[in-house]
Amino acid sequence: MFKKISLSFLLAIYAFGFDYNLKPQKVSEDIWCFFGKTEVPSKDNGGFMANSCYINAKDSYILIDSGTSYNFAKQTYEAMKKIEDLKVSTIIVTHEHDDHWMGNSFYKDKFNSKIYAPKSINENYTAESKPRIFEILDSKDMENTKIIKADEIVVDETNIQVGNKDLKIIAMKEKAHTSDDLIVYLPNEKVMFTGDIVMNGRITSNRDGSIIGTLKALEKIESYDWNTLVAGHGTNTTKTALDHTKNYFSLLKTRILEAIEAGTMADDITKIVTMDDFKDIAMFEELNSRNVFDAFRELEFYDED
Ligand SMILES: [Zn+2]
C-alpha cells in the first residue's frame, strides 16, 4: 500500500514539476505577494527566492516580477485566481537577475501581457540565453520557460495607469543593485516596490552592484512617501523594511574606508572587515566575504568629494 502511494506521488511530481505550495500574503489593500526563501536557489526551493507581487487594478492584475520559471508563474497565477479571476495585463520587471523575470513567458503566452523592463533585459538576453537557473533546476522544472523581450523599456520616470491604479516606474540611472534597476511607486496607495535595491532578512548579493550607488538609491527611495515597502527579497514590508540594507551598506562603506585609510591591502580586507554583527542573518556565509571584497575594489580609489 505504502509503496503504491509513494509511487503515484512520485509520478505526480514528475508530471507536474516542482510544487511551490504557494500562499499569497496580503501586504496592502489590493496587493498580494509571494515571498521567496532567504536561501540560494536550489532544487529544494525550486529557485523561489525573489518576491513576486500582484496588484489588483479592478479589471486586471499588474505583476511586479514574475519569478523563476514558467512553472512558478503558472502556480502563482493559479493561487491568485482563487482570490479573484482576472487576467494579468501588465508586468514590471525590476532588474535583470533571473530569479525575477523567467516567469514572463507564462503571462505572455496566456494573456499577451505588456512587459515593462529596464533596458538590460532586451540588451543582454536573447531567446538562446541560459541564465544560471537553467543550470540549477532540472529541465522539466524549466519546461516552457522562454526568454522573451520586454515591450516597453523604462529609462526615466514613466507614469502609467492600469485600471484603477496609477503607477510611477522609476529608472535609477546609476548602478545600484545592478547597472539598471527600476523601482515602482503607487502614490495613492503609498506603496513602494524596490526590487533588490532593498533586501531584508538576508544578506544582499552585491556582485553586480555598487555600494555608493545603492546608498544613493536608498536615499531616493526614502524621499517618497510610502507606508508599505516591498523588497526584492525578505518579508518585512513595514516602515523599517529598508533599515537592514541601509545599515549593512553604511557600515560596510565606513569600515572599508577606515581599513583602506589604515593601509589594509586587498588580500587582507575580509580578515579586517568581518561584518560579524550580521553573522546571524541568512546567507551571511554565502555572500558576506564577496560583498566585502567587492566593496574594497569599488572604494579603493573612492574620493568622497
Ligand atoms: Zn537581484
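Predicted model: local features only at pLDDT ≥ 70, side-chain atom pairs only at ≥ 80, totals over all residues.
Biologist: Thanks! How many helices and strands does the protein chain have?
Modeller: The protein chain has nine helices and twelve strands. Its radius of gyration is 20 Å, close to the 19 Å that the globule rule gives for 305 residues, so the chain is as compact as a globular protein of that length.

Biologist: And what box do the C-alpha atoms fill?
Modeller: Along the principal axes, the box is roughly 65 × 50 × 35 Å.

Biologist: How much of the chain counts as buried?
Modeller: Of the 305 residues, 54% count as buried.

Biologist: Let's switch to the metal. Which residues are the protein donors of the zinc ion?
Modeller: They are His95 through NE2, His97 through ND1, His177 through NE2 and Asp196 through OD, lying 2.2 Å from the zinc ion. In sequence, these donor residues follow the spacing H-x1-H-x79-H-x18-D.

Biologist: Where do His95 and His177 lie?
Modeller: His95 is in the loop between β5 (87–92) and α3 (104–111), while His177 is in the loop between β9 (165–171) and β10 (182–186), so the pair ties together parts that are 82 residues apart in sequence.

Biologist: Is His95 buried or exposed?
Modeller: His95 counts as buried, because its relative accessibility is 0% and the cut-off for buried is under 20%. His177 also counts as buried, at 3% relative accessibility.

Biologist: Why is the arrangement around the zinc ion irregular?
Modeller: The four donor atoms subtend angles of 88 to 171 degrees, which makes the arrangement irregular. For four donors to count as tetrahedral, all angles would have to lie between 85 and 135 degrees.

Biologist: New topic: how many cavities of 30 Å³ or more does the structure hold?
Modeller: The structure holds one cavity of 30 Å³ or more. The largest cavity has a volume of about 70 Å³.

Biologist: Which residues line the largest cavity?
Modeller: Among them are Asn51, Cys53, Asp65, His100, Phe193 and Val230. The lining divides into five nonpolar residues, six polar and one charged.

Biologist: Which strands supply at least two residues of that lining?
Modeller: Those are β3 (52–56), β11 (191–199) and β12 (228–233).

Biologist: Which one gives the most?
Modeller: That is β12, with three residues in the lining of the largest cavity.

Methods: Residues numbered from 1 in each chain as written. Heavy atoms only, no water. Donors = N, O, S within 2.8 Å, 3.2 Å for Na, K, Ca; no water. Tetrahedral: all angles 85-135°; square planar, octahedral: opposite > 155°, others 65-115°. Helix = DSSP H or I, 4+ residues; strand = E, 2+ residues; numbered from the N terminus. Buried < 20%, exposed > 50% of the residue type's maximum accessible area, 1.4 Å probe, protein only. 1 Å grid on protein atoms, 1.4 Å probe; cavity = no way out; pocket = protein on both sides within 12 Å on 5 of 7 lines; lining within 4 Å. Points joined across faces, edges and corners; volume = space filled by probe spheres on them. Nonpolar A, V, L, I, M, F, W, Y, C, P; charged D, E, K, R; others polar. Rg over C-alpha atoms; globule rule 2.2 N^0.38 Å.
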